[in-house]
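Thanks for making time this morning. I would like to walk you through one structure, and I will give the cut-offs as we go.

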Amino acid sequence: MMLPTSDDVALAARRLEGFAVKTPVIESPRLNALCGGRVLVKAECLQRTGSFKFRGAWNCISQLDAASAPGGVVAYSSGNHAQGVAAAAAIRGLPALIVMPADTPRIKQDNTRAHGAEVVTYDRATQSREAIAAAHAEARGAVLVPPFEHPGIIAGQGTAGLELAEEARLRGLTLDAVLVCCSGGGLTAGITLAMAAASPATLVHTVEPVGFDDYARSLASGRIVANAKPSGSICDALMSVSPGEMTFAINRGLVGAGLTVTDAEAAEAMRFAFAELKLVLEPGGAVALAAALHGRIITQGRAIGVIASGGNCDAEMFARVLRREI
């Protein structure tokens with residue numbers, strides 16, 4: 001297993017120049033007051049395609065030799081990786097097919113198709129997305145672009161961490177911790193590599209929905225464990241069944257204890273982000289902010305980074321959140 005390094009993250013940052021957005025880092029006096037410290041929110045919801053996923057997708061797909069992928073690219077995703085891959089493939093002029101759960105929010109399916117990708121849906125409770133995607137990739141002569149188990153994907157995601165560390169430095173801060181919304185662990189692994197080089201005193205923590213804390217439990221036990229069920233949270237972007245072997249090999253022993261928040265706390269963080277930060281976050285993109293707001297780690301007198309990882313939320317769900325129906 002060839003693992004990426006901090007040098008790969010630095011190379012990815014150069015590849016992303018002119019393609020990915022250097023998203024803003026927002027500091028709110030009200031959030032600082034509530035947490036008793038300084039909280040820097042990296043607004044990846046304002047990234048191209050609405051989440052950090054474009055970073056890894058572009059870093060991976062930009063390096064593909066088109067001759068080796070006559071059928072373009074195939075990916076499987078609950079929605080944000082789908083959009084990142086579709087956009088990156090469109091830039092390269094490559095066809096893309098994305099395997100997505102049938103219950104993926106409509107905005108994510110529609111946006112994926114808008115980038116020119118073909119969407120194939122499946123039942124996440126009874127079917128294997130990996131098997132379906134592999135079959136399509138073989139039939140099309142396409143390259144499979146996984147959501148987190150790929151050195152290029154991990155390195156690309158880590159560029160968000162490099163930018164956050166640099167912004168903290170410009171503000172005269174060394175981050176004590178960074179809270180990362182976590183599913184398969186690619187973003188966490190990339191940011192762990194970035195911090196190892198740019199801010200080695202910073203401890204990275206995964207944040208997951210209660211009941212889907214496979215990463216937290218895996219970190220605690222020292223081995224990969226799986227969730228008992230494939231769905232059942234409003235945080236649709238954070239329901240990978242288990243950590244990736246590659247991401248776990250990077251994160252194990254380097255990141256801090258895994259944290260969890262409830263769906264209600266994620267919804268509250270969405271409302272806070274909308275009212276106070278003027279950001280639209282999807283549930284899975286709000287869990288790191290929720291962890292800071294609800295005291296999952298000590299924030300008093302400390303500098304904390306928060307990755308607001310995505311903002312692809314259906315209008316109907318967002319309205320329900322604002323009405324406190326969720």
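Predicted model: local features only at pLDDT ≥ 70, side-chain atom pairs only at ≥ 80, totals over all residues.

Residues are numbered from 1 along each chain as its sequence is written, and side-chain values use heavy atoms, with hydrogens and water left out.

Of its 11 residues, 10 are buried, so α12 is largely enclosed by the rest of the structure; buried means under 20% relative accessible area, with exposed over 50% and partly exposed in between, for a 1.4 Å probe and protein chains only. Among the buried ones are Pro283, Val287 and Leu289.

Val287 and Leu289 turn up again in the largest nonpolar core, which has 38 residues and in which they are among those with the most contacts, along with Val41, Leu179, Val207 and Val306. Such a core is a set of buried Ala, Val, Leu, Ile, Met, Phe, Trp, Tyr and Cys residues joined through side-chain atoms within 4.5 Å. Elements that each supply at least two residues to this core include β2 (38-43), β7 (177-181), α12 (283-293) and β10 (303-308). Leaving aside residues up to four places away in sequence, Val207 touches, among others, Leu179, Leu238, Val261 and Val287, contact meaning heavy atoms within 4.5 Å.

Turning to the sheet, six strands form an open arrangement in the order β1-β2-β10-β7-β8-β9, with mixed pairing, where two strands pair if DSSP finds at least two bridges between them. At its edges stand β1 (25-26) and β9, each with a single partner strand, so one side of each has no neighbour in the sheet. Between β2 and β10, which run parallel, there are six bridges, and Lys42 stands opposite Ile307 in β10.

Helix α8 (residues 186-198) lies across β7, β8 (203-209) and β10, at about 160° to β7; axes are lines fitted to C-alpha atoms, for helices over the stretch in contact, and angles run from 0 to 180 degrees between N-to-C directions.

How values were computed. Helix = DSSP H or I, 4+ residues; strand = E, 2+ residues; numbered from the N terminus.
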